[in-house]
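Please look over the model below before reading on.

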Amino acid sequence: MPPSEIPTDWDLHYREDHTPWDKGSAAPPLLEWIEKNPNQLTGRVLVPGCGRGHDVRALAGLPEVTEAVGLDLSPTAVSLANSFPKVSRERYCVGNLFDLEKNHRGTYDWVFEHTCFCAIPIDCRESYVTGVWSSLHPSGSLLSVFYLNPYDDEHQPEDGPPHGSTLEELDALFVRSGRFSIQESYVPSRSYPGREGLERVMRMTRQG
Ligand SMILES: C[S@@+](CC[C@H](N)C(=O)[O-])C[C@H]1O[C@@H](n2cnc3c(N)ncnc32)[C@H](O)[C@@H]1O
């Protein structure tokens, strides 16, 4: 899907500073996973839909990460991400996960997902899987925090994003498609306030 057809004007959200998803810090389930799995995140890491880059900076600070790359459709988000002091080897690029430039293909050891999958149109989910799969090198891994149930009194399924998902759907998209195998899947014990019990951490390895 070309950026002009993406129904949400993400850049406008950043220009108007209307970014309720941004909690000003890295995702608690990511920090929890890093604490439990020291030294496992290594090499080059891609964060699609990185927004202001809080997760990218947490990843860039890990000693074994050689480069953390944040990718976002929104030039304003990328400019805001670049305005934070650099932690280490991190970089931000404007780009579309559904139409990855050649330099992002087959090159990453890890992809970290957090609130990009729930933000895209539901009919783009197969393109999301293809984008993540293509960015990884053949034995690369996807570490993901899926916001399975983002609904509340103000926000219902018909008016996303964010859009919810189910384990069944994730299994069909990632595993039964032949693209990934699941190594780990659990409900994180640390979440932003209000997201407790609504997220799922999954670690998957690229197949094929
Ligand atoms: C809900 S925001 C989450 C941002 C960040 N992960 C956070 O938690 O603060 C979704 C982000 O995904 C980006 N995005 C949406 N579709 C994208 C695509 N096809 N390729 C790259 N980024 C995309 C948006 O611009 C936006 O910054």
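Which pocket does the space taken by the ligand form? The space taken by the ligand is the largest pocket. A pocket here is an open set of points on a 1 Å grid over the protein atoms alone, with protein on both sides within 12 Å along at least five of seven lines. This is a predicted model, in which local features need pLDDT of at least 70 and side-chain atom pairs count only at pLDDT 80 or more, while totals for chains, interfaces and linings use all residues. Residues are numbered from 1 along each chain as its sequence is written, and side-chain values use heavy atoms, with hydrogens and water left out.

The ligand is surrounded by 17 residues, counted when one of their heavy atoms lies within 4 Å of it. The closest are Tyr 14, Gly 49, Asp 72, Asn 96 and Thr 115. By class, this shell holds nine nonpolar, seven polar and one charged residues; Ala, Val, Leu, Ile, Met, Phe, Trp, Tyr, Cys and Pro count as nonpolar, Asp, Glu, Lys and Arg as charged, and the others, Gly among them, as polar.

Several polar atoms of the protein face the ligand. A ligand nitrogen is 2.9 Å from an N or O atom in the side chain of Asn 96, and a ligand nitrogen is also found 3.0 Å from a polar backbone atom of His 114. An oxygen atom of the ligand lies 2.8 Å from a polar side-chain atom of Thr 115. Of the 600 Å² of accessible area that the ligand has on its own, the protein covers 97% (Shrake-Rupley method, 1.4 Å probe).

Asn 96 belongs to the loop between strand S3 (90–94) and strand S4 (108–114); strands are DSSP runs of E, at least two residues long, numbered from the N terminus. Is Asn 96 buried or exposed? Asn 96 counts as buried because its relative accessible area is 10%, where buried means under 20%, exposed over 50% and partly exposed in between (1.4 Å probe, protein chains only). A polar atom of the Asn 96 side chain also lies 2.9 Å from the backbone nitrogen of Phe 98.

The Glu 184 side chain makes a polar contact of 3.1 Å with that of Trp 33 and one of 2.8 Å with that of Arg 203. Such a contact is a pair of N or O atoms within 3.5 Å; within protein, one must be able to donate a hydrogen and the other to accept it, and residues adjacent in sequence count only if both atoms are side-chain atoms.

Technical notes
1 Å grid on protein atoms, 1.4 Å probe; cavity = no way out; pocket = protein on both sides within 12 Å on 5 of 7 lines; lining within 4 Å. Sits in = over half its atoms within 2 Å of the grid points. Helix = DSSP H or I, 4+ residues; strand = E, 2+ residues; numbered from the N terminus.
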